[in-house]
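Thanks for coming. Please have a look at the slide first.

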Amino acid sequence: MSTPTQYVYEFAEGGREMAALLGGKGAGLAEMTRLGLPVPPGFTVTTEACRVYLETGQEPPELGVEVAHALANLERAMGRDLGRADDPLLVSVRSGARFSMPGMMDTILDIGLNDDSVAGLAKASGRERFAWDSYRRLLQMFGHSVMGVDAGLFERVVGAHKTVLSVTDDHALDAEELAHVVEEFKGVIRRETGEEFPQDPFEQLYRAIRAVFGSWNSERARVYRRREHIPDDLGTAVNMQAMVFGNLGPDSGTGVAFTRDPATGERGMYGDYLPDAQGEDVVAGVRNAVPLAELEHLDPRAYEQLGDHLRTLEAHYRDLCDVEFTVERGRLWILQTRVGKRTAEAAFRIAHELDEAGTITSDEALARVDGTELTRLMFPRFATRTSDVPLAHGVPASPGAAVGAVVFDSEAAVRRAADGQHTVLVRRETTPEDLPGMIAAQAVLTSRGGKTSHAAVVARGMGKVCVCGADALVIDSAARQFTTPAGAVVREGDTVSVDGTAGTVYLGTVPLTASEVSGPLETGTATGPLTRAVLGLLDHADSVRRLEVRANADTPKDAARARRLGAQGIGLCRTEHMFLGDRRALVEAMILARDDTAREAALAALLPLQREDFTGILKAMDGLPVTIRLLDPPLHEFLPDRTDLAVRIASTAHPDPHDRELLTAVERMHEQNPMLGLRGVRLGLAVPGLVAMQVRAVAEAVAQRLRDGGRPRAEIMIPLVGTVEELRLARAEAERVLAKVAMETGTTLDCPIGTMIELPRAALTAGRIAEVADFFSFGTNDLTQTTWGLSRDDAEASFFPLYLEKGVFTASPFETLDQEGVGRLVELAVEAGRAVDPRLETGVCGEHGGDPESIHFFHRAGLDYVSCSPFRIPAARLEAGRAAL
Ligand code: ADP
Ligand code: MG
Ligand code: MG
């Protein structure tokens with residue numbers, strides 16, 4: 001026979017290890033009881049009982065007996081009986097789930113009061129007003145939470161009494177007045193429910209328990225759980241606890257306290273105190289609380305005891321704790337504790353300082369912080385006031401804060417930047433053509449696209465602030481203005497403030513606070529407690545991680561910055577960014593070339609420019625690997641827009657013959673599905689001389705660096721390979737050029753040639769590809785796009801919100817790797833590749849390389865490195881360390 005399930009635990013029976021069963025609050029109360037802290041006695045009904053109730057609509061049959069038994073023990077311990085007429089025991093009935101859901105579920109105080117016991121309470125406490133006030137509170141909470149009466153109806157009654165007496169504070173209502181309020185409250189309940197307020201204390205208790213069970217499924221609780229990713233089937237525990245009273249006069253009160261400042265992590269007691277009040281008043285903001293330090297003057301003994309208890313709790317939980325406490329006529333009671341929530345800043349400081357104090361290990365400290373928090377700390381923040389109302393909300397695509405004048409095209413941004421002006425580039429969406437403007441602007445704002453739209457990816461890569469998909473904005477680039485949903489018109493030159501962390505845009509200048517950590521992350525020198533903590537924890541992450549962290553960077557400047565931030569090389573150097581700006585004319589010439597001679601001339605003109613780019617990057621990354629990807633995007637991206645061209649030609653009597661020629665080329669190259677079209681290795685094989693020129697530029701740059709005494713480590717990467725044959729062809733050409741340059745320059749060129757794995761076919765045939773590749777780099781953006789068969793440029797703006805809402809996705813697969821599908825392909829390819837070449841180097845260079853959750857997956861999949869935007873490197877180092885714990 002199995003032992004019967006126990007549904008009720010007295011506080012003395014439980015402990016913190018039982019949080020799943022007793023809820024966080026119940027486990028905390030039990031743990032404090034065990035530690036000998038002054039906790040009003042009580043007992044907990046388990047989450048299991050709640051689950052039974054939610055599934056069957058009835059509590060388990062044994063529950064009644066168990067509650068009665070625990071209640072009898074409580075009554076004995078307190079020397080009073082629940083609701084007894086002359087000196088009643090009152091209890092609170094408190095919700096408390098496994099994970100903290102502050103204020104989301106119900107709690108009912110002062111259970112046990114009725115028309116008789118209210119007089120008993122008055123007599124026993126010697127405070128008549130207090131007794132009536134407590135009864136009034138019970139009716140209000142019970143009426144609302146248990147009987148479903150609109151809370152506003154009660155407030156209206158109290159309001160009316162205050163108006164009649166011309167007072168504003170509840171405290172001004174005396175006992176007699178409150179007795180009237182009580183009668184009216186009963187009337188409200190009767191009218192609204194057709195039922196009397198139950199006078200029987202036991203009925204009050206059981207109905208309150210059921211109501212707390214039921215509040216698990218309240219609308220706000222469900223919404224909160226969805227947002228916080230808390231499972232829906234856990235249920236809540238219910239805690240019954242003897243009431244203590246903070247509203248017995250000036251020698252009483254209630255408050256919350258933290259063992260450290262949860263905003264900054266600063267050591268020392270911190271919190272708020274409200275004299276002569278009950279706990280729920282603090283939350284409700286009925287009156288203004290005073291800083292906890294005041295309690296030292298009001299009641300030095302209680303203050304000192306509170307300090308002792310906080311120290312005990314922090315030492316015991318080995319973390320920041322917060323407590324709810326009440327002082328009843330000079331006697332201190334602790335009503336709740338938990339490991340407290342904190343800001344990113346506080347998280348780093350507390351973890352590091354507890355580590356330094358020897359309270360926790362360095363591994364534990366590292367586990368308590370995360371990359372998302374670190375990234376947040378790296379950007380300047382807006383000191384927004386509550387009065388600042390955003391013009392619009394969009395997707396927080398690239399964090400940080402920026403202020404600038406609105407511009408509607410790239411040229412305007414460049415022009416104003418030349419005058420030293422800060423700008424915000426506002427576009428419906430961006431294309432590679434907007435790149436100069438994105439570089440010149442402080443922030444990018446678009447009305448279309450999600451976190452992996454062109455604007456978002458490029459902005460993140462540059463560490464530039466970006467809000468995208470602010471779809472309520474109507475952007476009229478031609479008229480040089482945009483309109484907000486509220487009807488405001490913002491014109492070119494108007495100042496806006498863009499918050500890329502929150503995804504909001506404000507009109508005018510919101511003041512900025514600089515990031516305290518971004519400088520020290522680059523210099524490696526701490527400037528205060530926060531930066532000491534950040535650098536200390538990163539150090540530890542570096543010492544434990546197996547994954548290397550490289551950067552996606554295409555300029556010497558980005559490469560140098562990435563290196564200062566801890567990059568161990570470049571995992572992705574995109575060459576297409578080197579084909580923009582002044583060089584477009586040359587690229588156009590290459591595309592338009594009618595014969596080999598013309599094409600060769602255009603390529604020859606590009607060669608020295610590319611070589612200079614590579615030399616600079618190899619210099620910045622001297623001694624570290626630099627993976628250079630050959631040209632990847634469809635060529636038409638380097639040509640003007642088809643419609644623009646056609647309009648330009650149609651609108652003049654004597655169109656420029658060059659324009660006509662361009663238009664023919666654009667039309668010839670037009671593709672319905674460019675992302676599945678002539679790009680990547682296909683382009684290299686289709687455009688004679690392109691691969692040769694790029695490889696020659698790399699080879700000559702390496703030779704140059706060798707001559708200069710450097711240690712260049714270039715690697716050549718062929719994109720979008722689907723079959724080993726493509727790689728074989730491209731590789732043969734590359735090797736030919738490498739050999740030639742080696743001979744010409746008299747140097748030994750050791751330049752590995754590898755491929756991107758970014759098509760399902762490549763992943764599925766990785767074994768064959770590994771025979772020809774020196775390394776694999778997973779291009780998880782394209783791999784996600786091609787595995788799911790969805791276009792990231794379109795899907796995010798169209799059905800992603802629906803899919804997220806319906807739970808088809810829990811996160812965008814372009815942000816966090818789809819481990820089940822795309823991740824499976826990565827694993828297959830790593831395995832097959834390593835079977836052929838056990839030393840095959842593998843890495844990832846998609847957006848996922850900087851995503852915390854994905855990094856943990858890549859660690860498990862056994863990759864050698866992740867590569868990400870420079871500004872995400874510190875977070876990636878931290879997460880790679882955490883993955884190795
Ligand atoms: P929440 O989870 O929303 O914080 P609680 O169960 O903690 O709800 O209760 C709400 C308020 O009532 C808190 O301020 C708490 O301290 C106070 N409270 C709960 N139980 C008692 C009690 N037995 N005596 C005095 N105050 C109590
Ligand atoms: Mg609480
Ligand atoms: Mg790709």
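First, the ground rules. This is a predicted model, in which local features need pLDDT of at least 70 and side-chain atom pairs count only at pLDDT 80 or more, while totals for chains, interfaces and linings use all residues. Residues are numbered from 1 along each chain as its sequence is written, and chains are lettered from A and ligands numbered from 1 in the order in which they are written.

Now the overall picture. Along its principal axes, the C-alpha trace of the protein chain spans about 110 × 65 × 50 Å. The chain has 36 helices and 31 strands; these are DSSP runs numbered from the N terminus, with helices being H or I of at least four residues and strands being E of at least two. Of the 885 residues in the protein chain, 51% are buried. Buried means that 20 or more other C-beta atoms lie within 10 Å of a residue's own, exposed means 12 or fewer, and partly exposed is in between, with C-beta atoms placed from the backbone.

Contacts come next. Two residues are in contact if their C-beta atoms, placed from the backbone, lie within 7 Å. Among contacts between residues at least 6 apart in sequence, 67% join residues at least 24 apart.

On to the domains. The assignment gives domain 1 (50-55 + 68-242), domain 2 (253-339), domain 3 (379-513) and domain 4 (545-634 + 671-883). Such bounds come from an automatic or database domain assignment. The centres of domain 1 and domain 2, taken over C-alpha atoms, are 24 Å apart. Five residues from domain 1 and five residues from domain 2 make the contact. On the domain 1 side, the touching residues are one nonpolar, two polar and two charged. For those classes, Ala, Val, Leu, Ile, Met, Phe, Trp, Tyr, Cys and Pro count as nonpolar, Asp, Glu, Lys and Arg as charged, and the others, Gly among them, as polar.

Where does ligand 1 lie? It lies between domain 1 and domain 2, because both give residues to the shell around it. There are 17 residues around ligand 1, and S92, R94, T107, G279 and E324 come nearest. A residue is near a molecule or strand if its C-beta atom, placed from the backbone, lies within 6 Å of it. The shell divides into seven nonpolar, seven polar and three charged residues. The elements that each supply at least two of its residues include β3 (91-97), β4 (107-111) and α10 (279-284).

Next, some strand pairing. Strands pair if DSSP finds at least two bridges between them. Strand β6 (residues 253-260) pairs with strand β7 (residues 267-275) in the antiparallel sense over seven bridges, and A257 stands opposite G271 in β7. The hairpin of β6 and β7 has six residues between the strands, and there G265 takes a positive phi near 85°. β7 is also joined, antiparallel, to strand β8 (residues 290-291) by two bridges, with D272 opposite P291 in β8.

Now the annotated positions. An unreviewed UniProt entry places the feature "binding site" at E758 and D782. UniProt positions are given in the numbering used here, feature names are shortened, and annotations may be inferred rather than shown by experiment. The two positions are spread over 25 residues of sequence, yet the largest C-alpha distance is 5.4 Å. E758 is in the loop between β28 (753-757) and α29 (760-764), and D782 is in helix α31 (residues 780-788). Why does E758 count as buried? Because 27 other C-beta atoms lie within 10 Å of E758. D782 is buried too, with 23.

The unreviewed entry also places "active site" at H454 and C845. H454 lies in helix α18 (residues 454-462) and is buried, with 21 C-beta neighbours inside 10 Å. C845 lies in the loop between β30 (841-844) and α35 (852-860) and is buried, with 28 other C-beta atoms within 10 Å. Leaving aside neighbours within four places in sequence, C845 is in contact with residues including N552, S777 and G779. With the same exclusion, G779 is also among the contacts of E758.

That is all I have.
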